[in-house]
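Work through the exercises below with the model open. Try each task before reading its solution.

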Amino acid sequence: MSDEFDAVVERVRDRVSPDADERARLQRAARTVRERAEAAVSDLPVDAEVIQVGSTARETWTAGDRDVDVFVAFPPELDRETLEAYGLQVGHAVLPEGREEYAEHPYVVGECDGYDVDLVPCYAVDDATAIQSAVDRTPFHTRYLESRLDDRLAGAVRVTKQFLKGIGVYGSDLRTRGFSGYLTELLVLEYGGFRDLVTAAADWHPPVTFDPEDHGTRSFDDPLVVVDPTDPERNVAAVCSARNVARFQHYARELLTTPREELFEATIPDPYDADAVRAAVEGRDTTPVALRFAAPDIVEDQLWPQLRKSLGGLTDELDRRGFDVFRSAAFATDGGSGTGDGSQNANDAGTAVLLVELAVAERPAIERHEGPPVHVREHATGFYEAYADDPDVSGPYVDGDRYVVERPREFRTAVEFLQSDALYDVRLGPHVESALETGHEILVGVEIAALAEVVGVELADYFDPKP
């Protein structure tokens, strides 16, 4: 089994390692970008350093990647408005046909010699703990790893990245909530290679904590904690969801038990068509309810937290009202592209869906409502008097030591609730709430088959889930 594992890993390493020609092409493109940036910086009234960052700087990029990230580090005493203006000036000089994007502050993205380039301004702070914007840490990450990753470890990083991509947990964007490139590099460095990492991960008992520099100054409530070696107050793995940590463990065991290259290849399920969705719904005998609306026109790293917050608020309220949420999911059609540091371009106002699958379709016309114990005189008397003369309730009566009434249920079905203004009283993301107020469609039962045309792949994944 050891020989088989090593053979699989070796084949993957050969496949994902850029050859000499690809390396040379990327290096030429990166050099052109740096030289243009340095020329543009020389025209500014301040000094600034041009730094290539990310996987291409650390030689951990995989074959076929075409991203070059270059930062321009400005003096920390520069005010934010001036930094942004200078950053855009340099960006447009380097990428004349580039476009402006916005994460924490604006930057320019474009193309150079066939490579996608991000030209990002940051502050040249003396220490990663003194950052003035989130991107200020990135040059420290590059410097830390450049001196520690040799060719063997760089190859192990590429294999690990490909494995994480294959099992669908690579990427620190807030849609994926997976393993970032930097986190991957730190884990490989921690364990000294790919095999040792997956062997250890197979037996992790979260929460799992690593502190490479033994300098952490705070605790974290995350399933995986890797204290940033350049910042003792930051968990590099903070974005990584418990589900993705568990998926990594599951597939690590799969790979160790039955080594195979298929685990290094991402697979997208065949999309469900309307007939397949209808068959799935009828076979489950549950009641799926979906809210379909226009996705808010915001970057994905804002959109997905709001979708998840809204879904959580919706499921909590439906559970509270007795509809027994079986499972739920949020979907959104793709909008925008990655910037290389975890943020995205603006979502292009596609479709968003909040899907809630219910075990209980309809509740009785009445509901039981318990009051305080009779011996709590003041509150019990208030409860009794509030309902004593109400012709629509049964009671109050005493059950055990409490007053109880049976009153008309406000909403007998989830659809009645979703059609009411009470929908807007649940915990919703602000942009999602605005989008719902602008207009939405409620689909019930087999009606959700209409979603197949826009989220067929997501529905296939929902009805036939994999680890």
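**Exercise 1.** At what angle do helix H6 and helix H7 pack, and how far apart are their axes?

*Solution.* The model is predicted. Start with the ranges: H6 spans residues 151–166 and H7 spans residues 181–191. They pack at an angle of about 125°. Their axes lie 9 Å apart. Next, classify the angle. Angles of 65 to 115 degrees count as roughly perpendicular and those over 145 as roughly antiparallel. H6 and H7 are therefore oblique to each other. Last, the handedness: H6 passes H7 in a right-handed crossing.

**Exercise 2.** List the residues of H6 and H7 that meet, then sort the contact by class.

*Solution.* Take H6: Leu153, Ala156, Val157, Thr160, Lys161 and Leu164 contribute. Their partners in H7 are Gly181, Thr184, Glu185, Val188 and Leu189. By class, this contact has six nonpolar, three polar and two charged residues.

**Exercise 3.** Which members of the largest nonpolar core touch the most other members, and which element gives the most to this core?

*Solution.* The core has 42 residues. Phe163, Phe179, Phe194, Trp204, Leu224 and Phe248 touch the most other members. Elements that each supply at least two residues include helix H1 (2–16), helix H8 (194–201) and helix H9 (242–257). H6 gives the most, with six residues. A second, separate core of 31 residues includes Ala37, Val46, Phe74 and Leu88.

**Exercise 4.** Which residues does phenylalanine 194 touch, not counting residues up to four places away in sequence?

*Solution.* Phe194 touches Phe5, Val9, Ala156, Val159, Thr160, Phe163, Leu255 and Phe264.

Technical notes: Residues numbered from 1 in each chain as written. Predicted model: local features only at pLDDT ≥ 70, side-chain atom pairs only at ≥ 80, totals over all residues. Heavy atoms only, no water. Axes fitted to C-alpha atoms, helices over the stretch in contact; angles between N-to-C directions. Helix = DSSP H or I, 4+ residues; strand = E, 2+ residues; numbered from the N terminus. Parallel < 35°, antiparallel > 145°, perpendicular 65-115°, else oblique. Left-handed = near helix turned anticlockwise from the far one by under 90°. Contact = heavy atoms within 4.5 Å. Nonpolar A, V, L, I, M, F, W, Y, C, P; charged D, E, K, R; others polar. Core = buried A, V, L, I, M, F, W, Y, C linked by side-chain atoms within 4.5 Å. Buried < 20%, exposed > 50% of the residue type's maximum accessible area, 1.4 Å probe, protein only.
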